[in-house]
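Thanks for making time this morning.

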Amino acid sequence: MSYLNPGLPQPAPARDGLDEAYWKAAQEGKLVLQRCKDCGAYQWGPEWTCHRCCSENLTFEEIPPYGRIYSYERVWHPVHPALSEQGPYIIVLVEIPDRDGARMVGNLLGDPQQEVQIGAPVRAVFEHHEAEQINYTLVQWEVDAS
Amino acid sequence: MERTVRGKVAVVGVGETPYYKRGQAPDPEFKLALKAIIAACKDAQISPKSVDGFASFSNDRSDPSRLANALGCDDLRFSNMQWGGGGGGGSGAVANAAAAIATGMAECVVVFRALAQGQFGRFGQGPRSNVISGSGAFTVPYGLMSPAQSFAMKVTRFMHDHGVNQEALQAISLASYHHAQNNPRAVMHGRPLSEEKYNESRWIVEPFHLFDCCQENDGAAAMVLVPAERAKDFPHKPTYILSAVSGSHYRAGASVHNTPDYATSTFKTTVPRLYDMAKLGPDEVNVAQIYENFTGGVLMSVVEHNFCEPDGCNEFFTKENLTAPGGKLPINTSGGNLAECYMHGLGLNIEAVRQLRGESSNQVPDPDVSLVASGPMVTPVSSSIYGSEATL
């Protein structure tokens, strides 16, 4: 069961290898961020060098699957044929606490008409897709009531 | 020696094709570019053969060598493209052209933009590929793929941080549509907008209604720039470039919405350089053209050009304050990208010049200083300030 109707472009690891570890981890139900092994800085999205110290010595580190809503938007107008019958849906920008301000994009699960609170705690939900050519996992978010 | 373009370059010709809804231009994009350049040269009363440079932005497809060939230009000296930022390059292309002239690399440079979305595809649609990789892989599968969707998230955060009401966005849209009713070039001429019509229009993505979004158009626009000492050899009242800058802040280009300073139009670091070069401040600006990809970008641009405090938006953004001739800060006096034409913002630079000439369809009384902000929320962005002879 996916949040959005099927038919959108499917994510694939970049051919240059930059983000392969992220997509592999997501399929295993793990959330990772890129981290510099030299200075310890976290960064997202992935890049070949550390923005803080220019080191090329980077890794992908597993982090707890929790964050806070930094911003959000409720989309109404479909800009892709796959979404023509979708109706409104919510995209959230989630800040990962204590990780140098790194943010991730996903959908907010639940009622698409729900009221969204900036700052609300959320937890990651791994949405696994089996496609004809590639399997992939999207990282979605739901409000964390606990 | 002071390094500046202030007062060294003049705009002596402006022109455009008729503006069309996307897909309705009778000509292909390259021919539109030629027509706009010929119109700008005619306005300056020069032969296109004497143009020796071209500057554009956003990967314009009309190659300067082909233009120079088609126009029979005698001596091509400057062939320039502002890299990145889409419409954020509008004033950047002016800056590049001005720099070429001020440093003696060229004598007569055309700044232009041609765009036929009917011929080459719409800006407002998502990708149609089956697979996506790179930074888009982290957004597109979640349904985040259009410009409106990319920018609404910034605007939502800004409005949250500063308690801005929807009416502020509405006022920006009403001002553009109001001005377009006096401008026969405007695609929305004869199609006025009321508060009710705005409020009843469908959401594209909250907080943007339909009327918060720019149009998708076909057409072309061009400006002719020459050294300031030649400005009085041309038929129109001289208009001088006082400043033109571009850029963006620390890690503005971080992918997946990770720029540290997020809820910004990207002008915070460029605006001090803009006013420093112009040797004036926001209080001396008489009229402003503020790029509307979406009204929320105008909101933040006006704040970041220091016309209004971020916490004062609800009071500042009223239709009365934003409309010519008597508003506190008349903006987008041609109708702008919302209601004149989305010529990727180059039309805003032309309107800034027309204001100083006294030729706007929504003329501000005797302006001396005219400002343009190009392409909010992208990276790089750019701004320009034009002045009358009195400002030199």
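How many bridges join β1(A) to β6(B), and do these strands run parallel or antiparallel? Keeping in mind that this is a predicted model, the answer is that two bridges join them, and that β1(A) and β6(B) run parallel. Within this pairing, A:Gln10 stands opposite B:Val131, a residue of β6(B).

Stepping back to the contact as a whole, chain B contributes 38 residues and chain A contributes 35 residues. On the side of chain B that touches chain A, β6 (131–132), α5 (147–162) and β7 (203–205) of chain B each supply at least two residues, and the largest share, six residues, comes from α5(B).

Let me now turn to chain A and to its helix α1, which spans residues 20–27 and in which A:Tyr22, A:Trp23 and A:Ala26 are buried. Seen down the axis of α1(A), the buried residues fall within an arc of 95 degrees, so they line one face of the helix. As for what covers these buried residues of α1(A), the elements include β1 (10–11), β2 (32–36), β4 (58–62), β8 (121–130) and β9 (135–143) of chain A; β1(A), then, is among the elements that cover them, and β1(A) is also joined to β6(B) by the two bridges I began with. Finally, α1(A) is followed by A:Gly29, whose phi is positive, near 75 degrees.

Key. Residues numbered from 1 in each chain as written. Chains lettered and ligands numbered in written order. Predicted model: local features only at pLDDT ≥ 70, side-chain atom pairs only at ≥ 80, totals over all residues. Buried ≥ 20, exposed ≤ 12 C-beta atoms within 10 Å, placed from the backbone. Helix = DSSP H or I, 4+ residues; strand = E, 2+ residues; numbered from the N terminus. Arc of directions from axis to C-beta. Contact = placed C-beta atoms within 7 Å. Pairing = 2+ DSSP bridges.
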